[in-house]
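Welcome! Let's take a friendly look at a ligand and the space around it.

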Amino acid sequence: MSPVNIGVLISGSGTNLQAIIDSVENGYINGKISIVISNKEDAYGLKRAEKHGIEALYLDRKLFKNEKEYNREIIDVMKSRNVELIVLAGYLRVLSSEFINEFHMRIINIHPSLIPSFSGKGYYGERVHNEVLSRGLKITGATVHFVDEGTDTGPIILQDFVRVEDNDDLNILKDKVLQIEHKILIEAIKLYSEDKLIIKHGKVSKGKVKR
Ligand code: GRF
């Protein structure tokens with residue numbers, strides 16, 4: 001099977017990106033990361049990509065007239081590199097409907113909660129973990145899902161959980177969830193690369209896709 005051609009969108013430190021890079025390099029994922037694009041110039045993830053010889057591009061949103069044009073540029077860059085699978089790895093901008101249609105069911109996102117809990121507009125990063133702590137939840141986790149026109153509403157691919165201990169603070173919890181994110185994101189990309197994700201009536205199951 002030919003390696004899946006991956007394009008990654010980031011906005012921050014890129015630990016999820018690093019997990020993908022490591023899994024591609026050690027052969028766990030039969031894939032190739034063709035490009036990493038960030039909307040933030042100082043995103044450390046861009047340096048991670050450069051260190052591994054992966055094209056890293058900062059796209060300054062201020063240089064574009066509007067969201068549609070900005071997304072159009074990302075689409076053009078991804079298509080020019082023959083990217084097949086888009087991974088949102090801590091990417092904090094909303095995708096245009098044109099983008100989502102262009103890569104229908106070929107965009108996956110990692111979210112730091114057990115969707116539908118603490119998901120949707122405004123729920124990202126530390127805000128999620130703070131809610132978990134303030135509500136006294138005993139378990140939380142992460143979700144990988146396909147991206148549709150909603151916010152964190154696309155078909156769920158994988159989830160996993162962690163227990164919240166009484167003495168967990170924001171940093172401890174964030175790290176625990178991040179480990180889970182890395183694990184299920186890699187698994188989801190691997191399943192996708194092996195054509196083992198079947199989408200039926202908006203639900204994802206594992207199995208061999210009959211071409
Ligand atoms: C993390 O909060 C993660 O939950 C979310 O994006 C943030 C940054 O992750 N997916 P990363 O270290 O930049 O991959």
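## Contacts with the ligand

In the side chain of threonine 15, an N or O atom lies 2.6 Å from an oxygen atom of the ligand, a polar contact (a pair of N or O atoms within 3.5 Å). Glycine 14 uses a backbone N or O atom, 2.8 Å from an oxygen atom of the ligand. A nitrogen atom of the ligand is 3.4 Å from a backbone N or O atom of isoleucine 110. On its own the ligand has 370 Å² of accessible area (Shrake-Rupley method, 1.4 Å probe), and the protein covers 85% of that.

This is a predicted model, where local features need pLDDT of at least 70 and side-chain atom pairs pLDDT 80 or more, while totals for chains, interfaces and linings use all residues. Numbering starts from 1 along each chain as its sequence is written, and side-chain values use heavy atoms, without hydrogens and water.

## The shell

Residues around the ligand (a heavy atom within 4 Å) include Gly12, Ser13, Asn16, Gly90, Pro112, Gly125 and Glu181. The shell divides into two nonpolar, seven polar and one charged, with Gly counted as polar.

## The pocket

The ligand takes up the space of the largest pocket, with more than half of its atoms within 2 Å of the grid points. A pocket is an open set of points on a 1 Å grid over the protein atoms alone, where a 1.4 Å probe fits, with protein on both sides within 12 Å along at least five of seven lines; lining residues have an atom within 4 Å of a point. The largest pocket holds about 970 Å³ of space, and 39 residues line it, with Tyr91, Leu92 and Tyr124 among those nearest its centre.

Terms used. Polar contact = N/O pair within 3.5 Å; in protein donor to acceptor, adjacent residues only side chain to side chain. Points joined across faces, edges and corners; volume = space filled by probe spheres on them.
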